[in-house]
Amino acid sequence: MNNRLLTIAGLIEKDVVVADVGTDHAHLAIYLLKNGLANKVIASDVKAGPLAAARRNIADCALEHKIELRLADGLTPYRPAEVDVFVIAGMGGHTIADILAADIELARAARYLILQPMQNRPFLRRWLYQNGFSISVEQIAREGTKFYNIIKAVDKVATLPDEFDLAVAVNPLKDANYYAYIEHLVDVKQALAEHLSAANKIVECEKINTELVRLKGVSDVRDR
Ligand SMILES: C[S@@+](CC[C@H](N)C(=O)[O-])C[C@H]1O[C@@H](n2cnc3c(N)ncnc32)[C@H](O)[C@@H]1O
């Protein structure tokens with residue numbers, strides 16, 4: 001199991017029924033059951049090919065009695081109150097928001113959502129707050145030079161976080177991965193600021209420099 005999926009698993013409380021939406025290979029579902037982290041998983045995928053791979057992997061581990069597979073789009077294969085947690089991981093932020101929006105009452109009925117957007121993370125954070133959800137914690141998973149934000153969201157209306165938090169992370173768990181992620185963003189933004197400055201794009205450059213001040217502030221707090 002990679003660190004991304006391990007971090008997702010770590011955010012799931014014990015004794016739950018988990019929906020793994022877009023399961024693909026079913027690695028997460030298998031890990032949760034092998035390690036006693038869930039009572040049952042209902043894993044779904046919109047495509048037959050991934051679901052066939054999931055079926056083979058589940059059979060190899062003799063977990064057919066604990067992992068149910070369903071071929072369908074988004075949350076449509078789930079009935080109200082059937083699961084405690086929806087996991088939607090490894091897709092773009094817009095796709096995740098579309099899946100939630102299409103069956104929002106089902107999403108609200110879950111105890112919480114674990115979301116791991118590959119792209120458009122700020123968009124998804126904002127969408128959650130604008131649609132009556134809030135982020136209780138975000139944890140960063142690291143695989144080499146790649147960083148993944150794992151978002152735990154609950155059905156709770158709250159004030160929209162500020163632009164910096166929407167861009168970087170809301171209520172992050174401030175562990176070593178988080179600070180490594182901040183340092184990575186500093187490097188990326190510094191290179192971008194230099195590029196914009198060389199291209200004489202003053203307004204854009206100032207915006208990036210403002211973000212850099214906040215990012216460096218986070219690093220400084222840790223160093224103190
Ligand atoms: C990149 S894989 C991620 C697999 C796994 N969730 C993970 O994080 O490792 C994305 C999977 O989501 C499925 N998928 C994409 N859109 C979907 C949708 N609307 N409903 C259900 N599954 C979807 C794809 O078929 C694919 O198998």
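Visitor: In which helix is the place of Ala180?

Guide: Ala180 sits in helix H8, residues 176–198. Helices are DSSP runs of H or I with at least four residues, strands are DSSP runs of E with at least two, and both are numbered from the N terminus. Residues are numbered from 1 along each chain as its sequence is written. The model is predicted, so local features need pLDDT of at least 70 and side-chain atom pairs count only at pLDDT 80 or more, while totals for chains, interfaces and linings use all residues.

Visitor: Why is Ala180 called partly exposed?

Guide: A residue is buried if 20 or more other C-beta atoms, placed from the backbone, lie within 10 Å of its own, exposed if 12 or fewer do, and partly exposed in between. Ala180 has 14 other C-beta atoms within 10 Å, so it is partly exposed.

Visitor: What makes Ala110 count as buried?

Guide: Ala110 has 25 C-beta neighbours inside 10 Å, so it counts as buried. Ala110 is placed in the loop between helix H5 (104–109) and strand E5 (112–117). Leaving out residues up to four places away in sequence, Ala110 touches Val83, Asp84, Val85 and Phe86. Touching here means contact: the C-beta atoms of two residues, placed from the backbone, lie within 7 Å.

Visitor: Why does Ala81 count as exposed?

Guide: Ala81 has 10 C-beta neighbours inside 10 Å, so it counts as exposed. Ala81 is in the loop between strand E3 (67–71) and strand E4. Its phi is positive, about 65 degrees, although Ala81 is not a glycine.

Visitor: What makes Asn120 count as partly exposed?

Guide: The count for Asn120 is 16 C-beta neighbours inside 10 Å, so Asn120 is partly exposed. Asn120 lies in the loop between E5 and H6, and has a positive phi of about 50 degrees although it is not a glycine.

Visitor: How do you know that the buried residues of H4 line one face of the helix?

Guide: The buried residues of H4 are Gly93, Ile96, Ala97, Ile99 and Leu100. Seen down the axis of H4, they fall within an arc of 160 degrees, so they line one face. The arc is taken from the directions that run from the helix axis to the C-beta atoms. What covers these residues includes strand E1 (17–21), E4, H5, E5 and helix H6 (121–130).

Visitor: What makes the buried residues of H6 line one face of the helix?

Guide: In H6, Arg121, Leu124, Arg125 and Leu128 are buried. Down the axis of H6 they fall within an arc of 100 degrees, so they line one face. The buried residues of H6 pack against H4, E5, E6, E7 and H7.

Visitor: What makes E5 mostly covered?

Guide: Six of the six residues of E5 are buried. Tyr112, Ile114 and Gln116 point one way from E5, and Leu113, Leu115 and Pro117 point the other way.

Visitor: How many bridges join E4 to E5?

Guide: Six bridges join E4 to E5, and the two run parallel. Strands pair if DSSP finds at least two bridges between them, so E4 and E5 pair. Ala89 has Gln116 of E5 as its bridge partner. Three bridges join E5 to strand E7 (residues 146–154), and these two run antiparallel. In E7, Ile151 is the bridge partner of Leu115.

Visitor: Which residues that surround the ligand are the closest?

Guide: The closest are Gly22, Asp24, Pro50, Ala89 and Gly90, among 17 residues that surround the ligand. A residue is near a molecule if its C-beta atom, placed from the backbone, lies within 6 Å of it. Strand E2 (40–45), strand E4 (85–91) and helix H4 (93–102) are the elements that give two or more residues to this shell. E4 gives the largest share, three residues.

Visitor: How do the residues of the shell around the ligand divide?

Guide: Seven are nonpolar, six polar and four charged. Ala, Val, Leu, Ile, Met, Phe, Trp, Tyr, Cys and Pro count as nonpolar, Asp, Glu, Lys and Arg as charged, and the others, Gly among them, as polar.

Visitor: Into which domains is the chain divided?

Guide: Domain 1 covers 3–173 and domain 2 covers 178–223. These bounds come from an automatic or database domain assignment. The C-alpha centres of domain 1 and domain 2 lie 30 Å apart. Seven residues of domain 1 are in contact with six residues of domain 2.
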